[in-house]
Structures are given as structure tokens and as C-alpha cells.
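Hi everyone, thanks for coming.

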Amino acid sequence: MASVLAIEAQGLFKSFDGKPAVQGIDIAIPEGSIYGILGPNGAGKTTTLRMLLGIIEPDGGRRALLGHERPLDAARIVGYLPEERGLYPAMATREAIAFMGALRGLPLDVGRRRAEILLRENGLGDYVDKPIKSLSKGMAQTIQLFGTIVHKPKLVVLDEPFSGLDPINQGRLEHLIREEAAAGTTIIFSTHVIAHAERLCERIAIIVGGRIRFEGLVAEARDRLRPQVRLRTRQAEGSWHSALPADARPVEGVWEFELPGDGIEPLLKVLIAGGAGIEELSIERPGLHDAFVVIAGEAAAREMANGATERAGAAA
Amino acid sequence: MMSVFDAAWVIARRDFVASVFSRSFILFLIAPLLLFGFLLFAAGMAGEAERDASRPVVALVADSDTVARLEGARDELATATSEQSFPLLRAVAPAENLVAQARWLLADQEAGYSAVFTGTLDQPVLIGPAQVDFHVGTRIRLIVDRARRTAALEAAGVEVPPVPIRRIVTGQAAGNLQMLRRQLAGSAQGLIFGVSLMLSTLLLSNLVEEKSNKVIEVLAAAVPLDAVFFGKLIAMLGISGVGLTLWGGMLASGYLFWQVLADWVALPQVSPAVGWSPFAILLLLYYCANFMLLGALFLGIGAQASNIREIQTVSMPVTLLQVGVFLLAMTVIGRDTGALTWFAYIFPFSSPMAMVAHAAKHETLWPHLLALSWHATWVFVIVRGSARLFRRTVLKSSADGAFFSLAAFRRGRAG
């Protein structure tokens, strides 16, 4: 079934024990993109992903996965890494990967061959026949990720894939995500860590309190804020001073303000004419984190940062 | 997507391999054999001593002629019936004060007399508590009567030699055949019940692994939950099949070996009403049906438990349920009609055991086709219900699709 959208959801609603967890979420994820879902703990990210995959049924709304209204109909071409990793501890790594492929319709012998290739290509060739319980947490997580992609899905859904991984494994995972995306796979992942989304995603959704606060390109999110200007002058006072925008504030000898609506050129002319003595002038595009603070609010940003710190602590 | 059956096969294969190729499976296989062997050994060791110890002993405080006649009569009666049916007799030399001696004998902890016989054959006296009247009193009366009759015949010089009975062998007598078939029915039911009872805890705890190590999320995202439940049931059925093959094979080998030692291989003299081959097939099918029905129920119950402690808590009610169902099924052995009998045939959980008894007792085959279809329907209903309940209570999700839609089931719509 041809579709330009890998995932399309409209008005998804879900409540648990009368408490709404997700309230009318609309998402449209183009095929072949890397899509991030950002939000603090309890925002509804996992519930949204689980509804999209059909693990739980929404109380309201509709969704389509690769053109299929019933997510299980697309199971053969979807891979899923849940937030709480699930592997059989006694299973050998190759068998675990092949089993996860078999669940998605991949013949076991093909799954075993591909598993061995994946393990060897990623420096885990010595662990082919080792049981999962003998692996480190990071390694086990990598094995599960291989199990998620062994059947070469068109769509991979990763719920908090970076949590519990050390920086080296996080880097590996980012590399793997890029590789899969380059091969045409649509990747959707949820995360606490804005930096991952900023580095990897073309599009994001920011969810807070079960509602989408933003959905679109990362660039569009960042464009919610005006670029920030940093100006250092040799002269502290002068006639040019009155030309600075109203929001300009001195921070350790540097003026910081939003780029004026008419650009930087008019201000530059005044600064030069007024003999301000420009020592340093930079125009910085705001980061996704700044955009997140504006879109989701300070409280959500703080909560998200705390969650990320807790998870990093747990991984360490 | 894969059909429910394909997906169930993937789950079943993994569970089967994981169980059969684990070290603990050897323990699973040898545990019943060890238990059986231990029971045989213990029964053998303790049997004779226990039988003697549990038989009442009567002290014979009488003259030597009376004692000899009573012992002779007892031996004749015991030989004609069974040694266990009569109390042991032990001669004790009479003292001057018989009443005092009897009191002393009854109080003797070491000798352990239940009663004391004094007097003669014509004036017998039995001293002892009222509780021994049935087990000792009636038997002593028989012994005394026989001894008196023998003595009277001897005194009259009359000999009554035993008359040989001319034997005319016929085919099975209806009454005897019914009795043997009832025994066969009971044995078949006992076999199904025993094996199911052994495996019920395994079934209860079957989904705890997936829940505790979070694999259930991976499974639920990839395959219908019906397939997960079916796969686990099929795997457990396969595992029990391995066990049954081994245990049955060893028992059969032992039986044949014993027969060879006896210099002759004898097959049982009675055949079930449907014949041995159909009965063996039906026994296997009803074992599978019973396993799938109870297994689906226990899997569903166990799936609601979140840890082993909860499993242990529900184990006892589940065992009681099995015993209740077994007792219900046993009612069809002795009777063919009546509300309880029909209920045992129809109630899904007692039906397989009731129907195997039916196969032992009645020739007609078509009710078995009906019964097996009935069982298959209930397995479908229970698995579907369990999967939906699991989805609702554990995954906190409603289930889409119609409960009874077979097409939807095949495609894994509602699970």
C-alpha cells in the first residue's frame, strides 16, 4: 500500500483509570524521515507510541501505520524497541535476534544469518552464542536493537533508545539510526535528551501533558525564537547606546538581545557612526533546547532535564 | 502480517526449545520417575509390616484343643478368602484368674491385643471394647462356627471332601465386562488428571517470565495476543508430550520386561468398548483437549498475576478446581444417565475426562466427534477471553474486533 506518510494519527485520545494520558494527538510522519518525540516524564510519549503500534487501543481518534489502519497488519515491516527492554535472558544473542525477526515473519535461518552479520559488523562477533544474561546492559540493548531491525523494516519505532547507554554506545546508536535512515527506513524515537533529537531529527513533536505543543521541522521549532545577538564594544557609553533594542541586557560586559526585525545592518551603521568600537559581534541561531523552553515552558524543560539526568545516573 | 497460527508456532517453538533444552528439564523428566520409584519402594518396604501392624490381634486364652481348632479354622477361611480379612490369633497360656489375665493382656502396649478370646468352642467368650465388634467380633464368630462345624463332623465321622467345580469358559460376562471397563475408564481419567495436575503450576506461571522481563511488550507489538497464548499452550502440550513419551515408554518397557520374565507377554483381557486402537487415539485426543482447556484457563489466570507470589496464592484454588472437576468426571463411570452425568459430559472442564470414560464404556464414536468440536470451541473461547482480559487489565487497553469472529481471529484482530 503506497503512502507518503509512514505514520498518520488524528485525535488520539487515551485515559487510564479516568485520568487522560493522551489528549487529542495529531501526528504526520513522512516516510524516510527521522522523527523525534520530545517531552518530560509522563507527557504521553510512550502511550502515544504504544497506540501507534497497536499495543494498546486508543479510546478515541484514528491512526494509520504505513497505510494500515490496523497496526498489526504492518507488523512485518515495522520494528519496535520498547522503553523497558525485553529479552529472554537464557537465549543466545543470535537466537534472540532471529526470534525477534521471526515474530515479524522473517524465516529463522535467514534471521540467524543476518544476526551473525549484524553482530560481526558491530564488533560483537565473539558474543554470537553467548546468552543474553552474560552481556552488559548496553550490549543487551544493542542486541535488542539488532532484533528490531533484523527483518529490514520500513519503519523503526524506538522508545527512549538512548536511555541506559553510555556515551560510546549512544554514539554507535546515533550512527546506526543514521545508517538505517539513509537506507530509506523511517525512524521515530522518543527521547528526554534534546541534543539527540537536535542532532538526528528532521521533524519533531513536543508533547507536554498529553498534548502536542509543537509538531514540525526542527528548524521551524528553532525559528520560534529570534536569533540572539552578542555584542562587545570598546566604549561603554555613547550616542549609539540609544540605538540598541529595548530587550538588550548586559551580561558580563556583553550586550545580548534578539536580532531586530529589520536585521543587523541598521544597528551596525549606528554603532560604527557612533564610534562604539565593535570588539565582538555574533548572531546565534537559538538551539532546540531554547525553543523547547519557549514551546513547552520552563517547568517542562526542567522536568525533562531532571529526567535525563536521572537516566544518565542510572546508566552510570 | 502473520496469521495467528504462524505466530503461535513461532512462540511455541521458542518456548519448547527453551524448556526442553534447559538443564531443569532433566529434573522435570526424572522427578515423576523418582517419585513413582520411591512410592513403589516405600510401598514394598512398608507394605507387609504395615499390613500386619494394622491387623487386629486376638489373644486365645483357652485349652490347647480349642486353640488348635480355632487356628485351623482361621487358616482355612483366610486361604479361601484373604489373609487380611481375619484377625491374627495368638495363643496365650491361661492363668488362674482369667478376668484379671484378660485385663492385663488388653493393657499390654507391646503385644497390642484388640480382644481376648476365652472359654470353649461351645461357650466362647470375647473380651474387649465395643469398637472391635465389627472387625473382630464378626470374624471370630465365623472362625468359631467353622471350628465347631469341623469338630462336629469329625466327631460324627463324616468327611466332606471338596467338590471340584467343572469349569465352562464363556465369552465375557456382561457384568464382568462392565466392571472391567469401568476400571479402565477410571484409570484413563486418573492418567489424564494426574498429568494435568503435575503441569498446572507450569501453566499458571507461564506468562510471568514474559511479564517480568518485559518481553510481552515486544510480543504484543509484533503478534496478536491470541497467538502468544496459543503458542504457549502448544509448547506446553509438546513439553508434556515429551514427558509422557518418556514416562509411558519406560512404564511400557517395564511392563513388557516383567511379562518376559513371567515367560509370556499377555495383553489385557478386556478391551474398551470402542476397541483398543480408537481408544488409544481418543485417550490422546482427550488428554490434549483436557490440557488445552485447563491450560488455557490456567494460563489466563496466571497471566493476571504479576509475580510468583501471586501464582503461589492461586495454585491451591486451581488444584482444588482440578480435583473438583475430576470428581465430577468420575460420576460418569458408575452411571450413564442423570443430570450430574450429563453435566459432567457438557461442562467443558470435566467433559474430556467424562468422554474418555464414555469411550471405555460405549461403542458409539460420533459423540466423540461432537465432544472434540465442543472442546475446541471452548479452547477458542477461553484463549480469546484470556487474551482480551490480559489486554484490558495488564496492557490497560480495550480490544477491537468481535469476540466470535473467526476470520478476525485468524488474522489476529482482537487479541
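Let me begin with a term: a residue is buried if 20 or more other C-beta atoms lie within 10 Å of its own, exposed if 12 or fewer, and partly exposed in between, with C-beta atoms placed from the backbone. By that rule, 33% of the 415 residues in chain B are buried, and for chain A the figure is 43% of 316 residues.

Some housekeeping. This is a predicted model, where local features need pLDDT of at least 70, side-chain atom pairs count only at pLDDT 80 or more, and totals for chains, interfaces and linings use all residues. Residues are numbered from 1 along each chain as its sequence is written, while chains are lettered from A and ligands numbered from 1 in the order in which they are written.

Now, chain B. You'll find 15 helices and four strands there; helices (H or I, at least four residues) and strands (E, at least two) are DSSP runs, numbered from the N terminus. Chain B has a radius of gyration of 30 Å, well over the 22 Å that the globule rule gives for 415 residues, so chain B is more spread out than a compact globule. That radius is taken over C-alpha atoms, and the globule rule is 2.2 Å times the number of residues to the power 0.38. How is chain B divided? Domain 1 covers 4–31 + 174–410 and domain 2 covers 56–156, with bounds from an automatic or database domain assignment. The centres of these two domains of chain B, taken over C-alpha atoms, are 54 Å apart.

Over to chain A, with 10 helices and 13 strands. Its C-alpha atoms fill a box of roughly 80 × 45 × 35 Å along the principal axes.

Take a look at strand S13 of chain A, residues 278–284. Is it buried or in the open? Of its seven residues, the number buried is zero, so S13 lies largely in the open. Its antiparallel partner is strand S10 (residues 228–233) of chain A, joined to S13 by six bridges; strands pair if DSSP finds at least two bridges between them. In this pairing, A:Arg230 sits opposite A:Ser282.

One last topic: backbone angles. Most residues other than glycine have a negative phi. A:Lys152, however, has a positive phi near 55 degrees. A:Lys152 belongs to the loop between helix H4 (137–149) and strand S6 (155–159) of chain A and is partly exposed, with 15 other C-beta atoms within 10 Å. A:Glu160 also has a positive phi, about 50 degrees, but A:Glu160 is buried, with 22 C-beta neighbours inside 10 Å.
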